[in-house]
Amino acid sequence: MPRILVLFAHPRLERSRANRALLKRFPEHRDITFRDLYQLYPDFNIDVTKEQDLLAAHDIVVLHHPLYWYSIPSLLKQWIDLVYAFGWAYGPGGTQLGGKVSFHVLTTGGATEAYSVDGFHGSTLAQFLLPVKRTATLCGMTWLPPFAVHGTNRLSDTELERIAEQYGLLLSGLASGSLVPRELVELERLNQAVPLTI
Amino acid sequence: MASFLADAVVYLGAAVLCVPIAKRLGLGSVLGYLLAGMVIGPYLLGFIGQEGKDIMHFAEFGVVMMLFLVGLELEPLLFWRMRKQVLGLGGVQMGLTTLVLGGMALTLGYTWQAGLALGLSFAMSSTAIALQSLKEKGLMHTAAGQSSFAVLLFQDIAVIPILALLPLMAMAPVSAAGPGHWFDALAGWQHTLVVVAAVGGVVVVGRYVVVPLLRMVARTRLRELFVASSLLLVVGIAFLMESVGLSPALGTFLAGVVLANIEYKHEMESDLDPFKGLLLGLFFMAVGASINFDLIRNAPGALLGTTLLVMVVKVLLLLAIGRRAGMAFDQNMLFAIGLGQVGEFAFVLLAFIAQLGILDGPAIDTLMAITALSMTLTPLAMLANEKWILPHFGTKAKEEQPADSIDAKHPVIIAGFGHFGSTLGRLLRANGVQATVLDNDSDQVDLLRRMGFKVFYGDATRHELLEAAGAQEAEILVCAIAPEAAPLLVEVVHKHFPHLKLLVRSRDRNDAYELMDQGVLHVYRETLDTAVRMGVDVLKELGTRHYSAYRAGQNFIRYDQAALKELAAKRGDKVDYIASVREKIADQEDLLRKDLQHDPSLGDHAWDSEAMRQANKQN
């Protein structure tokens, strides 16, 4: 069974309604490891060896974060910069990430329509997050579309609760093997892989 | 008593007047002392008369101390590295000079014993003059300085066998230690045996008795007691040597070498240094005062001519040796002229020779006059060399200290290696930064040395110790000594080593105020970071997100530093320091009031979705 590593990065979780809601329903599963990066490394001093060992022991790497200025929060960037090291993740002998799967779980304040070529921001999420995707594929990982929660400011508590449930189902589906990453590559959003229960 | 005080006034007054004038004129302190001696001597002002000779005996103790310090400097390892220079340059210099000057004496009709004795005496150069001048000019690390040191070292050591062997050539019965001494009863070979035994005794006692004794004294942490033991050591050895008819200078030199490796070396050096300086000054004054101007007046041409001849011979031989050693011309000139005089050991040797009857009284008087004259002329010759000769030969550029300098200096000095300093030192060492450590806890010093730290034992607020630790070459000085002593260290550093970047630990904000008043830019309150870190952990335990707590802590440190500066400025206006307790309370009040106005979450709205929700609702 594939093992899942969730890297959660939010500098101010206590002020984030959406992400607190998402974590509330986070599945307890022995194959799902949850890492709260801002809690673990408040001084940005990342334990690279430990993180690499964790990566080696997992098959799916989930980058769970709010979208900040069309990108990932700085600690997550720091984490990638340090942990995906030359000679380990890429370059000569850098094969440790080969064959693994990775994707975003992200929240945005803006609405779904805003992230399109014709929308307010003028680009799709995939276009904005291209550097992260390329980093992963360069390291030999399979890249999946994001699980995105848009318009968080307008979502009601019940709506958030249902999305959290959907997120939980996605993770446990991947962990149990009922969802196969290879078959999800072509989707626009991973949200489509799991039905939104009403 | 009254006459002692009068003498003291005369000597000290002459020194205080003449030395600064000589230095201002660029003549160096040695010549200043010599001139002061001549001025107060029996032939000019006549403040001191024939007792000049007695003063000389007393002042010879300056030479004794100097040799002890030279010995201390002479770590066996250093000596081993310099062995080629010492034996090569020094041995050749002694041999050649003795041969040439002795040969000249032979042609003048002296006996071979007299010629040899004279040659050996005149081959000696003045360690006091040469080293003092080189140090004053900062030339110790140049090729000239190192070579001079090597030659002088050889001479200093050579005096031991010379003094031991001279009695074997004696024409009259030995009477080294005065009439009626037990020593007189001994035959020449017994004499030699006693000397060897005494020297061996110094070596053994130095190794196995002195070091534990000093350790014990150091543990009492009474500085004056340590000074007293250092003096006792030197005086004791000098006394022992004198009672076996050996030069006290040699005995103490030996003792210095034996003690060169102990941890209290630098402390002893800085304790004895003022005594040495003062006594050496006295010695030079005595030399100046003892110059027999009657002799000069009777035959000025002959005496001056002979002196110049001796010096020219010595300088030429030294030049030849320096050239063979591959020294550049300017370095060679400094080296040859610096060592071109007849040194203070000649006085010692000549006195001994007179006692042995190898040369007669009038001859000895003349030779002594030549010695004193040559010592007086040396600073002038050096000055002439510097002013008129070297400029014509280009390469005056100061030589850089060679990269593999024997005493590698570190860029960082840590003063105080208690819990605070050692933590810092370990951090630096873990990151490949070697630091020189100063500490005054002898047990601690022991331990650190065993762990391979370069540690100097002693009071870090003394500029001599800082100097020895390489403060001149260092870039940063970390002050982690007792907060009570820190202001003194700051003062010393500002005065003597203004180039050093000072990072000072303070205990609390009151210490910090004082340091800031002194103009220290980097003050580290040992209570601040720890208290904040602990507060951050309390916040974490209470459920605050770690990153938020961490930022709150960092912000608080920044805010508190700013508040400290603000309050320090305010505090400067208050003249009344008596009300310091009240002031402290007022300080606390000020601080707490400021804290209330301070909003720790200021500027943290970037990630605040709540604020965005409010804004969205209004739209």
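A crossing of two helices is called left-handed if the near helix is turned anticlockwise from the far one by less than a right angle, and right-handed if it is clockwise. With that in mind, let me begin with one helix pair in chain B: α5(B) passes α14(B) in a right-handed crossing. Helices here are DSSP runs of H or I with at least four residues, strands are runs of E with at least two, and both are numbered from the N terminus.

Before going on, a word on the source. This is a predicted model, in which local features need pLDDT of at least 70 and side-chain atom pairs count only at pLDDT 80 or more, while totals for chains, interfaces and linings use all residues. Residues are numbered from 1 along each chain as its sequence is written, and chains are lettered from A and ligands numbered from 1 in the order in which they are written.

Back to the pair, then. The axes of α5 (residues 83–107) and α14 (residues 300–324) of chain B come within 10 Å and cross at roughly 145°, where axes are lines fitted to C-alpha atoms, for helices over the stretch in contact, and angles run from 0 to 180 degrees between N-to-C directions. From α5(B), residues including L89(B), V92(B), L96(B) and V100(B) meet a set in α14(B) that includes V310(B), V313(B), L317(B) and I321(B), contact meaning that C-beta atoms, placed from the backbone, lie within 7 Å. By class, the contact has 10 nonpolar, 2 polar and 1 charged residues, with Ala, Val, Leu, Ile, Met, Phe, Trp, Tyr, Cys and Pro taken as nonpolar, Asp, Glu, Lys and Arg as charged, and the others, Gly among them, as polar.

Turning to chain B as a whole, we find 26 helices and 6 strands. Of its 619 residues, 42% count as buried, that is, with 20 or more other C-beta atoms within 10 Å, as against exposed with 12 or fewer and partly exposed in between.

In what order do the strands of the open sheet in chain B run? The 6 strands follow the order β3-β2-β1-β4-β5-β6, and the pairing is parallel, two strands being paired if DSSP finds at least two bridges between them. β3 (454–457) and β6 (522–525) of chain B stand at the edges with a single partner strand each, so one side of each is left without a neighbour in the sheet. Direction ignored, neighbouring strands are turned by 20° against each other on average. Within the sheet, β1 (residues 412–415) and β2 (residues 435–439) of chain B pair over 4 bridges, and I413(B) stands opposite T436(B). Helix α18 (residues 419–430) of chain B packs on this sheet, touching β1, β2, β4 and β5, and its direction makes about 160° with that of β1(B).

The largest nonpolar core has 162 residues, and among those with the most contacts inside it are M285(B) and A415(B); such a core is a set of buried Ala, Val, Leu, Ile, Met, Phe, Trp, Tyr and Cys residues joined through C-beta atoms within 7 Å. A second, separate core of 53 residues includes M141(A), L160(A), L174(A) and V536(B).

Finally, chain A. F44(A), in the loop between α2 and α3 of chain A, has a positive phi of about 65° although it is not a glycine. Y70(A), in the loop between β3 and α4 of chain A, likewise has a positive phi of about 65°.

Terms used:
Two residues are in contact if their C-beta atoms, placed from the backbone, lie within 7 Å.
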